[in-house]
Amino acid sequence: MKLERHTPIFVAGHRGLAGSAIVRELQRREIGRLLLRTRSELDLTDVGAVERFFENEKPAVVVIAAAKVGGIQANDSLPGDFLFQNLQIQNNLIDASRRHRVGKLLFLGSSCVYPKQCPQPMKEDHLLTGPVETTSQWYAVAKLAGIKLCQAYRRQHGCDFITAMPASLYGPNDNFDPKASHVLPAMIRRFYEAKAAGLDEVVCWGTGSPLREFLHADDFARGCLLLLESYSDEQIINMGSGEEVSIRVLAEMTARAVGFEGRIRWDTSKPDGTPRKFLDGSRLFSLGWKPCIPLEQGLAEAARGFKP
Ligand SMILES: NC(=O)c1ccc[n+]([C@@H]2O[C@H](COP(=O)([O-])OP(=O)(O)OC[C@H]3O[C@@H](n4cnc5c(N)ncnc54)[C@H](OP(=O)(O)O)[C@@H]3O)[C@@H](O)[C@H]2O)c1
């Protein structure tokens, strides 16, 4: 779909990591008449409020970057919230978009939706070929339902609803809350606090050997705009950086980024987690997108953005 300066675009979750990056990219390219609402202005779990918003504002494009998001601890301790709120938010937005004939909708999945024992790199076809990781199953099941609802509405109603599957994102407006953050912001906080307290050692869980893939939010946002403009298919599409980094190297990079000069000790009595979570990004690469922010550079900027 061609995005014009006057196209009414609703970015749900525009203050979050993913949503704010999409808004920055739209503004940078001077695309779209942006429809933005904070949670207090529009609670997306409220079906009536969502309906009134669509009735009044008539968005032509909807990006669902609103969700209840968090790390392993948050997922594990609030399973009901993760399942129910995510189902509500996405059901309300996807169904309102169908009824109000939205021209394009982008839903965001996540690499944790793939099976726990997924072959690596993970291809789009691997979805639903095995059980998901148990700690994040509530979030994953909601995401799977959202992916399927987009596909079902495309088949049954001809809706141009698509799903992207991004790797772990990082960048401006990341969540540093220790109870809800992902690995990279959690590490920035830990090393920052160790430096501030004058500690000479930081203890990290496991061996440091698991490999992870990180994507800067600005690269992600460029990918989302490309998909909104040029991708129209039932099949989900991966969005990864194409580069893996071990948790050990990530910890060393983080220490450098925050200026922590002490020792990093690996507590091998603690679990490592999934050894590898690497997306096969070849389908999106073939559309002409490629990430351009190197991890070390993006990480240094993210560390500077951390406010204790
Ligand atoms: N971060 C990643 O590594 C990653 C990776 C792959 C996919 N994704 C996907 O990207 C999407 C956004 O993730 P994120 O990391 O940007 O999350 P985030 O920073 O936590 O942002 C989520 C946004 O959703 C809003 N929101 C949540 N519940 C709401 C409600 N009931 N009503 C209105 N707004 C609500 C939040 O508003 P408040 O600010 O008011 O809380 C926040 O602005 C999610 O679908 C996630 O699965 C993220």
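Student: Which residues does Arg 283 touch, not counting residues up to four places away in sequence?

Tutor: In this predicted model, Arg 283 touches Glu 124, Ile 237 and Asn 238 once residues up to four places away in sequence are left out. Arg 283 itself belongs to helix 9, which covers residues 282-285.

Student: What makes Arg 283 partly exposed?

Tutor: A residue is called buried at 20 or more other C-beta atoms within 10 Å and exposed at 12 or fewer, with partly exposed in between. Arg 283 has 16 other C-beta atoms within 10 Å, and therefore it counts as partly exposed.

Student: Why is Phe 107 called buried?

Tutor: The cut-off for buried is 20 or more other C-beta atoms within 10 Å, and Phe 107, with 25 C-beta neighbours inside 10 Å, therefore counts as buried. Phe 107 lies in strand 4, and, not counting residues up to four places away in sequence, it touches Ile 64, Gln 90, Gly 146, Ile 147, Cys 150, Phe 161 and Thr 163.

Student: Glu 30 and Lys 58 each sit in a loop, but where are those loops?

Tutor: Glu 30 is in the loop between helix 1 and strand 2 (33-35), whereas Lys 58 is in the loop between helix 2 (47-57) and strand 3 (61-64).

Student: Why is Glu 30 called exposed, and why is Lys 58 called partly exposed?

Tutor: Exposed means 12 or fewer other C-beta atoms within 10 Å, so Glu 30, with 7 C-beta neighbours inside 10 Å, counts as exposed. Lys 58 has 13 C-beta neighbours inside 10 Å, and so it counts as partly exposed.

Student: What is there to note about phi at Glu 30 and at Lys 58?

Tutor: Most residues other than glycine have a negative phi. Glu 30, although not a glycine, has a positive phi of about 55°, and Lys 58, which is not a glycine either, has a positive phi of about 50°.

Student: How do you know that the peptide bond joining Gln 120 and Pro 121 is cis?

Tutor: The bond that joins Gln 120 and Pro 121 is listed as cis, with an omega of about -10°. Most peptide bonds are trans. Pro 121 is placed in the loop between strand 4 (104-108) and helix 5 (137-157).

Student: Why is helix 8 called oblique to helix 10?

Tutor: Helix 8 (residues 247-258) and helix 10 (residues 295-304) pack at an angle of about 50°, and their axes are 9 Å apart. Angles under 35 degrees count as roughly parallel and 65 to 115 as roughly perpendicular, while over 145 is roughly antiparallel and the rest is oblique; the angle therefore makes helix 8 oblique to helix 10. The crossing of these two helices is right-handed.

Student: Which residues meet where helix 8 and helix 10 pack?

Tutor: From helix 8, Met 253, Thr 254, Ala 257 and Val 258 meet Leu 295, Glu 296, Leu 299, Ala 300 and Ala 303 of helix 10. Sorted by class, this contact of helix 8 with helix 10 has seven nonpolar, one polar and one charged residues.

Student: Which residues come nearest to the ligand, and which elements give two or more residues to the shell around it?

Tutor: Of the 23 residues around the ligand, Gly 13, Gly 16, Ala 18, Arg 39 and Ala 67 come nearest. The elements giving two or more residues to that shell are helix 1 (17-28) and strand 6 (168-170), with the largest share, three residues, coming from helix 1. By class, the shell around the ligand divides into 11 nonpolar, eight polar and four charged residues.

Note on methods:
Residues are numbered from 1 along each chain as its sequence is written. This is a predicted model: local features need pLDDT of at least 70, side-chain atom pairs count only at pLDDT 80 or more; totals for chains, interfaces and linings use all residues. A residue is near a molecule or strand if its C-beta atom, placed from the backbone, lies within 6 Å of it. Helices (H or I, at least four residues) and strands (E, at least two) are DSSP runs, numbered from the N terminus. Ala, Val, Leu, Ile, Met, Phe, Trp, Tyr, Cys and Pro count as nonpolar, Asp, Glu, Lys and Arg as charged, and the others, Gly among them, as polar. Axes are lines fitted to C-alpha atoms, for helices over the stretch in contact, and angles run from 0 to 180 degrees between N-to-C directions. A crossing is left-handed if the near helix is turned anticlockwise from the far one by less than a right angle, and right-handed if clockwise. Two residues are in contact if their C-beta atoms, placed from the backbone, lie within 7 Å.
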